[in-house]
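Please look at the sequence and the structure below before reading on. The paragraphs that follow go through salt bridges, a sheet and a disulfide.

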Amino acid sequence: MLRRFLPGLIVVLLSGCSSVSYYAQLADGQWQLLRAREPVAEVIADPSRPQALRDHLAQSQKARTFASEHLHLPDNQSYRLYADIGRPYVVWNVFATPEFSLSPQTHCFPIAGCVAYRGYYNQGAARGEAAVLQQRGMDVSIDGVEAYSTLGWFNDPIMSSMMHWGDERLATLIFHELAHQRFYVKDDTEFNESYANFVEQEGTRQWRAARGLAPLSNAALQQRDQFIRLVLDTRKRLEQLYAQPLATDVMRQAKAAEFERLRTAYQHMRDSQWGGDKRYDVWVNQPMNNARLLPFGLYDQWVPAFAALFAQEGGDWVKFFAAVEKLGGLPVAQRKAALRQLESGGR
């Protein structure tokens, strides 16, 4: 799954939070990224650059214009710049939970607030952090990240790490990251990522329609939704399990059984409903733990609620964003209650 690290202005405002070395690598990583930026127009016009890169960037700029003109996303220099970072991911996120909990270890930043992961510009540093957490008995997962938003504090570039996908996937990344710039709530990753994921999905649907392309395959969308639901159902069962007063060894066995249940259910769904499509096999067959499930709850939980809100506002992006801002301004308990009501079809 694609995941985005929001560095909270990369601690240009360090303001006395913990590990100075950690924040120093964030500041240095962001500085190196800013230094690598160059205008996309110049790259496209440079005959010495690979033609495939130039063509890919040219298509990206059509999507970038569509984002501002039709989706009412910010009209600035973000994603009109390019940076070759020389590595497959811009950062690596470390997710961690206790062994018998799905509550993430959170980290707080001066601008972005508290988020459920810690990002590193160096993969080795991320692995080192993960090893320390594992020694403490935590469940840990490392996810490579191709893109992130600085929430409008800097003009974010298209990075070389984003160029391995096709033209449409790059467009969806741009829609997602600009959505973060359009609106962001401190300390609520589930809200922020679900909202941006909805903007990405609906924006992509409209982008395809604007180019006269058929909608994405219903089968592919259905498979994605079924897989996400399967993982979220596993999360719910684990939460119920962890609430029980069981001995450690019994709890550990029951936890392993739930992950095996997930694998078995996936294999049955894949073979009986998907015609053997193995697109999620790699993820499912890797070692399982709580931390690997975290992004699903964080990034997908409220997407149906935002879809309902968009429909409620008549598919009008300006009204939708105003409604999102209103939701984001509510106290957290009221915000979640409103999202649940939207998700259930209430008014």
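At 12% relative accessibility, D281 counts as buried, where buried means under 20% relative accessible area, exposed means over 50%, and partly exposed lies in between, computed with a 1.4 Å probe on protein chains only. This is a predicted model, in which local features need pLDDT of at least 70 and side-chain atom pairs count only at pLDDT 80 or more, while totals for chains, interfaces and linings use all residues. Residues are numbered from 1 along each chain as its sequence is written, and side-chain values use heavy atoms, with hydrogens and water left out.

What does D281 form with R270? The two form a salt bridge, and their closest N and O atoms are 2.9 Å apart. A salt bridge here is a side-chain nitrogen of Lys or Arg within 4 Å of a carboxyl oxygen of Asp or Glu. D281 lies in helix α9 (residues 281-285) and R270 in helix α8 (residues 248-273), so the pair ties together parts that are 11 residues apart in sequence. Helices (H or I, at least four residues) and strands (E, at least two) are DSSP runs, numbered from the N terminus. R270 is buried as well, at 13% relative accessibility.

The structure holds 21 salt bridges. One of them joins the side chains of E190 and K336, at 3.3 Å from N to O. This pair links distant parts of the chain: E190 belongs to helix α6 (residues 189-210) and K336 to helix α13 (residues 332-343), 146 residues apart. E190 is buried, with a relative accessible area of 19%, whereas K336 is partly exposed, with 24%. Elsewhere, a network of salt bridges links E168, R208 and R211.

The next part is the sheet. Three strands form an open sheet in the order β6-β3-β7, with antiparallel pairing. β6 and β7 stand at the edges with a single partner strand each, so one side of each has no neighbour in the sheet. Neighbouring strands are turned by 25° against each other on average, direction ignored. Angles run from 0 to 180 degrees between N-to-C directions, and axes are lines fitted to C-alpha atoms, for helices over the stretch in contact. In general, strands of a sheet pair through backbone hydrogen bonds, either parallel or antiparallel.

Two strands count as paired if DSSP finds at least two bridges between them. How many bridges join β3 to β6? There are 3 bridges between β3 and β6, and N93 stands opposite G119 in β6. Helix α4 packs on this sheet and touches β3, β6 and β7, its direction making about 10° with that of β3; contact means heavy atoms within 4.5 Å. Strand β7 (residues 139-145) is mostly covered, with 6 of its 7 residues buried.

A salt bridge also connects the side chains of R118 and E129, at 3.8 Å from N to O. R118 is in strand β6 (residues 118-120) and E129 in helix α4 (residues 123-135), 11 residues apart. R118 is buried, with a relative accessible area of 12%, and E129 is buried with 16%.

A search of the whole structure finds 1 disulfide, a pair of cysteine sulfur atoms within 2.5 Å. C108 and C114 form this disulfide, with their sulfur atoms 1.9 Å apart. The torsion about their S-S bond is about 95°, so the disulfide is right-handed. C108 counts as partly exposed at 38% relative accessibility, and C114 counts as partly exposed at 24%.
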